[in-house]
Amino acid sequence: MMNKKQPIGIFDSGFGGLTVFKALRKLMPGENIIYFGDTARVPYGTKSADSVIEFSEQISSYLISKKIKILVVACNTSSALALEKLRKNIKVPVIGVISPSVNAVCANVQNKKILILATTSTVNSRAYSKQLNKKNKKLLIYEKACPLFVPIIEEGCAGKTFAKQIVKEYLLPLKKNKFDAMILGCTHYPMLKKVIKEVMGKKVTIINSSAQAAKEVYKKLFDLNMLNKSKKGFEQFIVSDDPKKFMALAGKLLNIEIKKLEIKRF
Ligand code: DGL
């Protein structure tokens, strides 16, 4: 039997999923959350589907062994390539980060031209285009891989001048297309949101896959009557390598002091 106090398990290749963690924490302060960052193998976005599936399965089994009540795949690349497999083999509900943003785009009829920013593997999978067109055949969708964004963020350089230069390099040529909405289809990218907005202008609506996913988790737990309404839940962070770097960057992003970090290697 499941109980409400069991933790939410969440994973990403590195720091990116912390944007989902942050959104979850804001919506659900009472939940216990275990976060796994696969810092030994980041980035996933340039790896083959077979590798991403293998990594995602290993981490999910590990989190299941921690008795989680729901699994959040806080990585678009894993969601694009491994979600179906995970759902088949895992007994707890599994929430990915792609369909919540797809639903958010389709909920607004004003959205006709959509830009997806994502990793190379997510773009190559066409997961966003397929899911969006399944809901609305008339949408015009352009997917753009931005492979340098993840290393910039993992190095803690999102605020540097060269970060803006790289964002411009990828996005300025696309500005003339006048997109209605843009999905940040990688959970790392919200950390560059300010710069992306500056480059693309105010008219394009930015949909953040991390915030949308957190709402979906809330809804799922609510529907299952599994929300933990305690005052303050615990959080546990686990990484596969380089705990010091993770502690410093994650602490800064979440505005908390991470005192304890476990290491789990596969
Ligand atoms: N944050 C992940 C995503 O949403 C993975 C980025 C990466 O490791 O390349 O796609």
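# A quick tour of β1 and its sheet

Let's start with strand β1, which is mostly covered: five of its five residues are buried. Keep in mind that this is a predicted model. The strand belongs to an open sheet of six strands, paired in parallel, in the order β4-β3-β1-β2-β9-β10. The edge strands are β4 (94–95) and β10 (261–263), and each of them pairs on one side only.

**Inside β1**

- Which way do the residues of β1 point? Ile8, Ile10 and Asp12 point one way, while Gly9 and Phe11 point the other way.
- Whichever way they point, all of these residues are buried.

**The neighbours of β1**

- On to β2: this strand and β1 run parallel and are joined by five bridges.
- How many bridges join β1 to β3? There are four, and these two strands run parallel as well.
- Here you can look for Ile8, which has Ile70 as its bridge partner in β3.

- What stands opposite Phe237 in β10? That spot belongs to Leu261.
- As an edge strand, β10 pairs on one side only.

**The cysteines**

- How many disulfides turn up in a search of the whole structure? The search finds zero.
- Cys157 is in no disulfide, and the nearest cysteine sulfur, that of Cys186, is 16 Å away. A disulfide would need the two sulfur atoms within 2.5 Å.
- Is Cys157 buried or exposed? Cys157 counts as buried because its relative accessible area is 15%, and the cut-off for buried is under 20%.
- Cys106 has a relative accessibility of 25%, so this cysteine counts as partly exposed.

Methods: Residues numbered from 1 in each chain as written. Predicted model: local features only at pLDDT ≥ 70, side-chain atom pairs only at ≥ 80, totals over all residues. Heavy atoms only, no water. Pairing = 2+ DSSP bridges. Buried < 20%, exposed > 50% of the residue type's maximum accessible area, 1.4 Å probe, protein only.
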